[in-house]
Amino acid sequence: MILGQWINCILLLFLVWADCGLSVKWLALYQSKQKPWQGNQNCSKAFGMVKRQIKICKQNLDLMGTVSHAAILTKDTCESQFSDRRWNCSSIQKAPRLTRDLVRGTREQAYLYAISSASLVHSVARACSIGVTTKCSCGALPNSPPHGEFKWGGCGDDVKFGLYLSESFTDASLSKRGKIRTSKKAQMNRHNNAAGRKIVSDSLTMACKCHGVSGSCSIKTCWKALPDFSAIGSILKQRYTSAVEVKRKRRKGVKVFLPQNPKISSITKDSLLYYTKSPDYCSPDPKTGSVGTKGRVCERNGDGWGGCDTMCCGRGFKSFSIEITERCECKYYWCCYVKCKTCRKTLHLNTCQ
């Protein structure tokens, strides 16, 4: 009996360890500053890549600088979007080691998978249009005739190739020896990766350029382009807020996710899914990955997430003032220099105790 319990424990630990590998450890590439990559030496587990990702890396060295840029973009956008939240994405800095809140099926994990997948689509699509690699180029022009006084032309972002590379690279850890992993976590991560990609592809808009004498717009050329990634990061933050808690059930021989809340009738392709409640992130807790909010800046009279009452979890806050100097009242003089004054400014700040 005791031997059987030990075997079950070992199997459980193995499954937990294996599931931890289904991760976004490749975000450790944000630490790589080598552009362009000169050889295969950086295609290694040191940057959190699994075997399949290492193979893709070696086959696409000309694009690995772009993949590194996507990791940086993920980190910077996440930290910017959540700067006023208790969870502020600081855990990404620990990649390839991930804290427990990012491997147990939380909504933070859902957001991180979606934004990393989205940033890779965005970065690669943009890289294609500016000629970083010969593997792709401008996005295909629309087949439909233009509605308005313009013509299709220019060089749009190659979202099709961006989607292909992003899916190949980010989903690489969700299969083993050619077989798709079927665990609950792997299925959730696969959905959230796809949700991030879909949000990018749905964000394509029309960009135009005018041609004509003396700046007139007698001829207008238009193409499909992606917005700045900050706009996509904002959409993903909204999806994080409205993320759907799910349970997994077998339907007609297939395991599917269903909303825990019976009032939610269905799950859309661009919804973020999670199945584990998040920690409150109020106090440091290595077991959950929380670093706490002590010392975080907050708004004294704010009633949102960034307000001191919420950010500080009722512990109170301290207020202080600092004086800074900055350039001000700058004027441009012909030709060709800028002259500024030096101004002093007092900042009133509040930090959580």
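Predicted model: local features only at pLDDT ≥ 70, side-chain atom pairs only at ≥ 80, totals over all residues.
Lys45 sits in the loop that runs between α1 (2-20) and α2 (51-59). Lys45 is exposed, because its relative accessibility is 67% and the cut-off for exposed is over 50%. Lys45 also belongs to a positive surface patch.

The chain as a whole has 353 residues, and 42% of them are buried. Its secondary structure consists of 8 helices and 12 strands. Along the principal axes, the C-alpha atoms fill a box of roughly 90 × 60 × 50 Å. The accessible surface comes to about 20,000 Å². Carbon and sulfur atoms account for 54% of that surface. Of the contacts between residues at least 6 apart in sequence, 63% join residues at least 24 apart.

Charge comes next. The chain carries 56 positive and 24 negative charges. Some of the charged side chains pair up, and the structure holds 12 salt bridges.

One of these salt bridges joins Arg239 and Asp270, with a distance of 3.1 Å from N to O. Arg239 lies in helix α7 (residues 229-241), while Asp270 lies in the loop between β7 (254-259) and β8, so the pair ties together parts that are 31 residues apart in sequence. Arg239 is partly exposed, with a relative accessible area of 22%. Asp270 counts as buried because its relative accessibility is 17%, and the cut-off for buried is under 20%.

A second salt bridge is formed by the side chains of Arg344 and Glu323, at 3.2 Å from N to O. This pair links distant parts of the chain: Arg344 is in strand β12 and Glu323 is in strand β11, 21 residues apart. Both Arg344 and Glu323 are exposed. Elsewhere, salt bridges with shared partners join Lys75, Asp76 and Glu79 into one network. Within it, Lys75 bridges to Asp76, and their closest N and O atoms are 3.8 Å apart. Lys75 is buried, with a relative accessible area of 14%. Asp76 is partly exposed, at 40% relative accessibility.

Most peptide bonds are trans, and most residues other than glycine have a negative phi. Two cis peptide bonds follow one another here. The bond from Trp334 to Cys335 is cis, with omega near -20 degrees. The bond that joins Cys335 and Cys336 is also cis, with omega about 20 degrees. Cys335 is placed in the loop between β11 (317-333) and β12 (337-352). Cys336 is found in that loop between β11 and β12 as well.

Positive phi values also occur. Tyr281 is not a glycine, yet its phi is positive, near 60 degrees. Tyr281 is found in the loop between β8 (273-274) and β9 (284-285). This tyrosine is buried, because its relative accessible area is 5%, below the cut-off of 20%. Cys313 likewise has a positive phi of about 60 degrees without being a glycine. Its place is the loop between α8 (308-311) and β11. Cys313 is partly exposed, with a relative accessible area of 25%.

Val246 counts as buried because its relative accessibility is 1%. Which residues does Val246 touch, not counting those up to four places away in sequence? They are Phe257, Leu258, Pro259, Gln260, Ile267, Leu273, Tyr274 and Tyr275. Gln38 gives a separate reference point. Val246 and Gln38 are 208 residues apart in sequence. In space, their C-alpha atoms are 44 Å apart.

Key: Residues numbered from 1 in each chain as written. Heavy atoms only, no water. Patch = residues over 30% accessible without salt bridge, like charges linked within 9 Å, V, L, I, M, F, W, Y side chains within 5 Å. Areas by Shrake-Rupley, 256 points an atom, 1.4 Å probe, with all protein chains shown as cover. Salt bridge = Lys/Arg side-chain N within 4 Å of Asp/Glu carboxyl O. Lys, Arg positive; Asp, Glu negative; His and termini not counted. Charge placed at Lys NZ, Arg CZ, Asp CG, Glu CD. Helix = DSSP H or I, 4+ residues; strand = E, 2+ residues; numbered from the N terminus. Buried < 20%, exposed > 50% of the residue type's maximum accessible area, 1.4 Å probe, protein only. Contact = heavy atoms within 4.5 Å.
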